[in-house]
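The tour below moves from one selection to the next and says what is to be found at each stop.

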Amino acid sequence: MDVIIIAISVVFLLLLLGFRKTIYLYSIKIIFGKYSYKYIMKFRKYTNKKPHPYCFKDDFYYHILSIRNALNHDIQYKANGVFTFDGLDFSKNFKQTLLENGQPDCFTISNEKEIPLKVAGYKSRMFHSNEKTLHYFCNNHYFMGEYVFSSLADDTSKLIVETIKQEFLIDVKYSKNFTIIDPVGNHLFFTDTGFFLSIKFFNANNRVVKSIVDFTSETENNKLDILSTFGGFSC
């Protein structure tokens with residue numbers, strides 16, 4: 001009987017040791033959530049895989065830099081009416097976005113703990129083109145939205161610019177980049193790279209946006225190392 005008990009104990013111990021990483025990961029997921037920095041970093045470390053499909057693979061810096069580019073761009077239009085885009089409510093937090101939209105189709109979080117940025121993306125279709133709607137967060141604060149169009153048809157950019165003209169009653173001329181500003185500080189930034197088309201929207205008076213502008217201006221003007229200056233980045 002003692003031998004059987006010892007054998008069962010040894011087998012149980014081996015199983016426990018074999019599944020310890022799985023158990024630890026599951027515990028982190030339950031405590032911190034599957035979209036937390038801690039869970040995602042541990043998942044990558046243990047599995048060499050990502051727990052969620054990426055919304056993009058390049059550095060977050062180049063996505064938030066577009067805010068500064070939008071504010072400083074030479075081609076700017078003034079809208080008479082306030083923007084009414086879906087999802088423009090920057091009072092929403094990350095949890096509310098998940099509750100309203102469900103599990104995101106893609107999710108990206110900054111690789112550096114000191115950079116508290118994350119984006120949740122959802123698939124949709126507009127203008128007969130594959131599209132993602134991205135929601136950007138600093139910690140839990142929603143500060144920017146983006147429509148990203150890929151697999152573009154030849155006339156997609158023309159259709160989008162024409163829709164913008166009708167929506168805002170502005171004689172917008174096609175350009176690879178341009179900005180539209182409404183009376184309350186909402187900004188729309190249009191970008192056509194030839195490979196994809198992007199429409200970002202944010203409010204220049206948003207606290208996070210102001211912090212991003214200060215940060216990107218400092219790094220660009222003084223050619224500072226990005227990570228070394230993120231200590232002053234505020235959500």
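**A loop asparagine and its surroundings**

Begin by selecting asparagine 206, which is placed in the loop between β8 (197-203) and α7 (207-222); helices here are DSSP runs of H or I with at least four residues, strands are runs of E with at least two, and both are numbered from the N terminus. The model is a predicted one, in which local features need pLDDT of at least 70 and side-chain atom pairs count only at pLDDT 80 or more, while totals for chains, interfaces and linings use all residues. Residues are numbered from 1 along each chain as its sequence is written, and side-chain values use heavy atoms, with hydrogens and water left out.

With a relative accessible area of 16%, asparagine 206 is buried (buried means under 20% relative accessible area, exposed over 50%, and partly exposed in between, with a 1.4 Å probe and protein chains only). Its side chain reaches the backbone nitrogen of valine 208 at 2.8 Å, a polar contact being a pair of N or O atoms within 3.5 Å where, within protein, one must be able to donate a hydrogen and the other to accept it, and where residues adjacent in sequence count only if both atoms are side-chain atoms.

Next, select threonine 156 in helix α6 (residues 156-168); threonine 156 is buried, at a relative accessible area of 1%.

**The ends of α5**

Move to asparagine 93, which caps the N-terminal end of α5 with a side-chain oxygen 3.2 Å from the backbone nitrogen of lysine 95. Beyond the helix, α5 is followed by glycine 102, whose phi is positive, near 85°.

**Aromatic pairs around phenylalanine 94**

Rings of Phe, Tyr and Trp (its six-membered ring) pair if their centres lie within 6.5 Å, with planes under 30 degrees apart counted as stacked, over 60 as edge-to-face and the rest as tilted. By this rule there are 17 aromatic pairs. Select tyrosine 35 and phenylalanine 94, an edge-to-face pair with 6.0 Å between centres and 80° between planes. Because tyrosine 35 lies in the loop between α2 (20-32) and α3 (37-47) and phenylalanine 94 in helix α5 (residues 94-101), the pair ties together parts 59 residues apart in sequence. Both residues, tyrosine 35 and phenylalanine 94, are buried.

Phenylalanine 94 also forms a tilted pair with phenylalanine 107, at 5.9 Å centre to centre and 50° between the planes. Since phenylalanine 107 belongs to strand β2 (residues 106-109) and phenylalanine 94 to helix α5, this pair ties together parts that are 13 residues apart in sequence. Phenylalanine 107 is buried, with a relative accessible area of 3%.

**The cavity**

Which residues line the largest cavity? Select Ile40, Arg44, Lys50, Pro51, His52, Tyr54, Phe107, Thr108 and Ile109 to display the lining; lining residues have an atom within 4 Å of a point, and a cavity is a set of points, on a 1 Å grid over the protein atoms alone, where a 1.4 Å probe fits but cannot get out. The largest share of this lining, three residues, comes from β2, and α3 and β2 each supply at least two residues.

Terms used: On a 1 Å grid over the protein atoms alone, a cavity is a set of points where a 1.4 Å probe fits but cannot get out, and a pocket is an open set with protein on both sides within 12 Å along at least five of seven lines; lining residues have an atom within 4 Å of a point.
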